[in-house]
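Please read the following alongside the model. The text starts with confidence and then moves through a helix, a chain segment, charged pairs and a pocket.

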Amino acid sequence: MITNHKLFFALWPDDSARAALARLRALAPGRHIAPEKLHLTLAFLGRQPSTALPGLLGILERLEAPELPLRIDCLGYFARPRIAWAGMTRPPAALAALQAALMAELEAAGFPPSIHDGFKPHVTLAREAGTAPAETAFEPVAWRAREVALVESFPSGEYAPIAVKALARGAARELGFPPARE
């Protein structure tokens, strides 16, 4: 029997970034996302058969990218799905390059390019938001994204990373980003 899995690729925050992102939920109307579910989706795959997992794990293994210094400094709203989110006024080029590389790998493996068309990097803070978050000044969240994950979403609403890959530290320094702090 083939089991289906609801899957997505995401930047997975460490505990410090997750706590800082969780504090931003107070600025968002709607049903707040649990802190352990906060992430930045790179590609949503939807329901996939278990037979797709080896290929997806191979794609994750082949992804090459530097650690990404992200500055979460704005709030936004997607009216159609009624989602309040936090994002970046100027996402780094390396983030767009990572997402484009992932999409190219997925398309080469037979996944349609429409699976995450129109990439708008964001962290969902709340669902069922009837209105956009108020324009409120807040201390930006500095998040050094160090891991990309293949994640499963369960019917219970829980998310569980299936596999996580560390992003390369040395490459980030070569691109002119400040060195990572321990």
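Where pLDDT is low, the predicted coordinates should not be read in detail. The protein averages a pLDDT of 88, and 88% of the residues score at least 70.

This is a predicted model, in which local features need pLDDT of at least 70 and side-chain atom pairs count only at pLDDT 80 or more, while totals for chains, interfaces and linings use all residues. Residues are numbered from 1 along each chain as its sequence is written, and side-chain values use heavy atoms, with hydrogens and water left out.

Helices (H or I, at least four residues) and strands (E, at least two) are DSSP runs, numbered from the N terminus. Helix H3 covers residues 93–108, 16 residues in all. From first C-alpha to last, H3 reaches 22 Å, close to the 22 Å expected at 1.5 Å a residue; the expected span is 1.5 Å times one less than the number of residues. Which residues of H3 are buried? They are Ala-94, Leu-95, Leu-98, Gln-99, Leu-102, Met-103 and Leu-106. Buried means under 20% relative accessible area, exposed over 50%, and partly exposed in between (1.4 Å probe, protein chains only). An α-helix has 3.6 residues a turn, so residues three or four places apart point the same way. The cover over the buried residues of H3 includes strand E1 (4–11), strand E3 (40–49), helix H2 (53–62) and strand E4 (68–72). Just after H3, Gly-110 takes a positive phi of about 100 degrees.

Thr-3 is found in the segment before E1 and is partly exposed, at 38% relative accessible area. Leaving aside neighbours within four places in sequence, Thr-3 is in contact with Gln-48, Pro-49 and Ser-50. The C-alpha atoms of Thr-3 and Pro-49 are separated by 5.7 Å, although the two residues are 46 residues apart along the chain.

Side chains of opposite charge can pair when their charged atoms come close. The whole structure holds seven salt bridges, each a side-chain nitrogen of Lys or Arg within 4 Å of a carboxyl oxygen of Asp or Glu. In one of them, Glu-128 meets Arg-31 at 3.3 Å, N to O. Glu-128 lies in the loop between strand E7 (122–127) and strand E8 (141–145) and Arg-31 in strand E2 (residues 31–32), so this pair ties together parts that are 97 residues apart in sequence.

Another salt bridge joins Arg-144 to Glu-67 (3.6 Å, N to O). Arg-144 is in strand E8 and Glu-67 in the loop between H2 and E4, 77 residues apart. Both Arg-144 and Glu-67 are buried. Glu-67 also forms a salt bridge with Arg-146, the closest N and O atoms being 3.5 Å apart. Arg-146 sits in the loop between E8 and strand E9 (147–153) and is partly exposed at 22%, whereas Glu-67 has a relative accessible area of 2%. Asp-14, Glu-67, Arg-144 and Arg-146 are linked in a network of salt bridges.

The largest pocket has a volume of about 500 Å³. Of the 20 residues that line this pocket, the closest to its centre are Thr-41, Phe-44, Ile-83, Thr-124 and Arg-127. On a 1 Å grid over the protein atoms alone, a pocket is an open set of points where a 1.4 Å probe fits, with protein on both sides within 12 Å along at least five of seven lines, and lining residues have an atom within 4 Å of a point. Grid points are joined across faces, edges and corners, and a volume is the space filled by probe spheres set on the points. E7 gives the largest share of the lining, three residues.

Note on methods: Contact means heavy atoms within 4.5 Å. pLDDT is the predictor's confidence in each residue, from 0 to 100.
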